[in-house]
Amino acid sequence: MIEAIRTQAHNLLENKEIDVVIGYGNGSDPTRTTPVFIRKPEEVNRLIFDPRCINSLPVYLNKRQGYPKKGWKRVGIIGKGCDIRAITQLIAENQLSRDEVYIFGVPCDGVVSHFSKWDGSLRDDNRATKCSECDVHIPNDCDFFPGERPEVDRSGPYKVSAPQVLNLFNLKTDKRFKFWEKEFERCFKCYACREVCPHCSCNICITDRTTPNWIDQAPHTKGVFGWHLTRALHLVGRCTGCGECTRACPVDIQVDLFNQRMKDVVQGSFGYKSGYSETEKPPLITYMTDDSENFIQ
Amino acid sequence: MSKKITRHDFEPKIMAFVCKWCTYSGADLAGTSRMDYSPNVRMVRLPCSGRIDPQFLIKAFEQGVDGVIVSGCHPGDCHYNEGNYYARRRNLAFRELLDFHGIDLARLEFSWISAAEAIKWTKVIDVFTDKIRELGQHREYADMTDPYAHYLVKEAA
Amino acid sequence: MKTATLNQTDIGKCLDLLLQSEFRVIAPQLRPRLESPDAIDVMMLTQIDSGENHAVGQGVLPLNGVKEFLFVKDEPLFAFENKGKKVLMTEVHHDYPKTVIFGVRPCDAASVSSQNAVFSKANAGFEDPFFTKRLENTTIVTYSCTNPDMSCFCTSVGLAPDSDRGSDLHLTEIPGNRLQVEPKTPAGEIVAKILEPLFQWPGEPQARTQAGKEAQDKITRIRNSHLIKGWLDELSNFDDELWERLGEKCIGCGACTFMCPTCHCFDIVDENRGGKGYRIKFWDSCQFDHFTLHASGHNPRDSQYKRYRNRFSCKFKIYLDKFDAQGCVGCGRCIRDCPVNLDITEYMKEVDLKASLPNALQRDPDFE
């Protein structure tokens, strides 16, 4: 499967149809993979794909990562289904245009949840939770797919959230607050969750703005709550559930729980699933006259 | 129509973020009609409820406010045609987010109040203020508002 | 300073004895597992109130290091208040409780002297009194490693799994489920005196040396580091092609700097609410894009690879030049925590390769 991708990448690079292929390569240890930027046709053999490939590569398409400064006109990118959803969402938000990317889709059975759990094979006990409810094992959109790409009906709703979200949701309000207070004690505002997110693309993040200072910079409880509330708020209707934020958090805070909860709210209240359509408008910039307002007096 | 004045131990701080075409005018009407209502509310006037960024609400809680009201024109009556529709969606999502974090939703109130509904304005404020007075100070945020209170040197008795 | 042995099963009792002697005790604990199939076992240094449920000696090393107990993640420097036309500044009251950090790995212990070099008057010329007072009141009980994992590389930076640098009281596992106990400083002696009821004599230096050697043999990540500073000192290497090639994938998340035991950058802000506020010091990172942003808008480190170049140079050159202290202790946290597997030892390998080439060949652009 990867051979077909390597061949196609080789051809496109040789014909200069794309400037670079962003893909996965072997990492510095046997259990890890790392993003690679292939510019020369002879280097395509570095591309690999297997269940260790957890990274979400569309983060490099994000303007914030300096992508336009690199002078790339058309970028090839290897995408698992969830990554391609992130690209589709970026296109829907006009952060990227479709002809700037050439997407190599890959069929994916799931990825390992953490590199320390990889021992050579992917099983139910080391597969990431996001993979068990995934409906894009075959990607929904790509320019190249190795082999036949069967049609899949994705019009139905997402499956309901992961158990950890429901468990938290079922707690009483004050217990939930205590849970988050305890979790956020560890947070020191490293912003890894922000940097790894393919959708966080503001040139200057609101947290870095000091005139006026909306979000406190210091990592006391108030500052940490302010940051996480803001991040979740700015991702409503946009998060495509890649789980990279939790993976990147160096102190193991499950920061994607509220994103997953908002995903359910957005689907339930607005009927929107992020990352499936390049033309459907994201929910918060559109409205329906009969939107629910049972909370309004 | 003056009410009996009662003294309370705790007077909550309430903030109201309102749109200027409807709710602010309604509050204005309540004032010119000399209607009595709880004086705990401080208002911030914005051109439209669609301008209300949930960031303002978070900031209000951080600054020690005990209850927040967000109010605008009725759907279909927005001066800018659609601002309140966007506000409705945004506030629905924001409420769920706050709830998931464990922040008591009783402290956040949304309403549609038109320029003629001065009576509704006074009722909403009175009921909300009483509710917040019952609930007391915003305990969770109160601890956070002054993050280093425990560092201050105790004054000698 | 006499050495002794201790039963490993008595560690809980040691912690209890220390708690009874009015120490604040910090020890590794397994964090309760989050209800998520994705969660991994996480062990962290936390303040404990009983000797049960400790994880001393387990796993590879705790998620956090001792940094957060000495160079805390946020603290107020002073409080201020508007009083008419004047501003009144008041002291804030910090606690400096007597503390024992029990079960520190040798890499983390070695990092303390690097942090001290930055914050003490002797080296830096200006003292951070919050840090130095905290350090004065802290005793570090180290626990040698027996199971380094594939990300550990302390032997490549002049340390070892059983190193006692920075240790006040050093423990090493020896056969028979026991520990060799070695007091190293007067502070360590004080703690040893409290734990004496649990000791047996004499110590077993040979078993201890053997244990240290066995652990060293398990380290697989080995790099030559002695040529790195020389290569970095050469100014023309600042523009070498390897920086962009290796650093391209860095996303600037900053996780490496926050978890690194020797990283010490901080920011200071004033926060106020209605005329009363605090000046606060908290952790910052050179990997943030606005770290070197000038008021004019110019940013000398405007790409991510330049920021990582700075980080690498800081660890292997600037620390040595400015503070005469060890920049990298080889704990491997940056490797484990990096979301894109940017590996500092890859940089070490490539720099060493370049530095080993004879000079003439290095300058020849056609040399393959």
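This is a predicted model. Start in chain B by selecting strand E3 (residues 67–72), helix H3 (residues 83–100) and E4(B): together they form a right-handed β-α-β unit.

**The two strands of that unit.** E3(B) and E4(B) run parallel and are joined by five bridges. To find one of the pairings, pick Ile69(B), whose bridge partner in E4(B) is Glu109(B).

**Strand E4(B) by itself.** Now select residues 108–112 of chain B. Is this strand covered on one face or both? Both: Leu108(B), Phe110(B) and Trp112(B) are buried on one side, and Glu109(B) and Ser111(B) are buried on the other. In a regular strand, side chains alternate between the two faces of the sheet. Five of the five residues in E4(B) are buried, so the strand is largely enclosed by the rest of the structure.

Over at the E2(B) end, E1 (residues 14–19) of chain B pairs with E2(B) through six parallel bridges; look for Cys19(B) opposite Leu46(B).

**Into the core.** Bring H3(B) back. The largest nonpolar core has 206 residues, and H3(B) gives the largest share of it, nine residues. Which residues have the most contacts inside this core? Leu97(B) and Ile101(C). Zoom in on Leu97(B) and show chain A as well: among the residues it touches are Leu229(A), Leu233(A), Phe258(A) and Met262(A). There is also a second, separate core of five residues, including Phe119(C), Cys314(C), Tyr319(C) and Phe323(C).

**Where A meets C.** For the last stop, show chains A and C: 38 residues of chain A are in contact with 36 of chain C. On the chain A side, the elements that give two or more residues are strand E2 (33–38) and helices H4 (163–169), H6 (192–196) and H8 (244–248). Colour that side by residue type and you'll have 15 nonpolar, 15 polar and eight charged residues.

Technical notes. Residues are numbered from 1 along each chain as its sequence is written. Chains are lettered from A and ligands numbered from 1 in the order in which they are written. This is a predicted model: local features need pLDDT of at least 70, side-chain atom pairs count only at pLDDT 80 or more; totals for chains, interfaces and linings use all residues. A residue is buried if 20 or more other C-beta atoms lie within 10 Å of its own, exposed if 12 or fewer, and partly exposed in between; C-beta atoms are placed from the backbone. Helices (H or I, at least four residues) and strands (E, at least two) are DSSP runs, numbered from the N terminus. Two strands pair if DSSP finds at least two bridges between them. A crossover is right-handed if, with the strands pointing away from the viewer, the path from the first strand over the helix to the second runs clockwise. Two residues are in contact if their C-beta atoms, placed from the backbone, lie within 7 Å. Ala, Val, Leu, Ile, Met, Phe, Trp, Tyr, Cys and Pro count as nonpolar, Asp, Glu, Lys and Arg as charged, and the others, Gly among them, as polar. A nonpolar core is a set of buried Ala, Val, Leu, Ile, Met, Phe, Trp, Tyr and Cys residues joined through C-beta atoms within 7 Å. Lists of a residue's contacts leave out its neighbours within four places in sequence.
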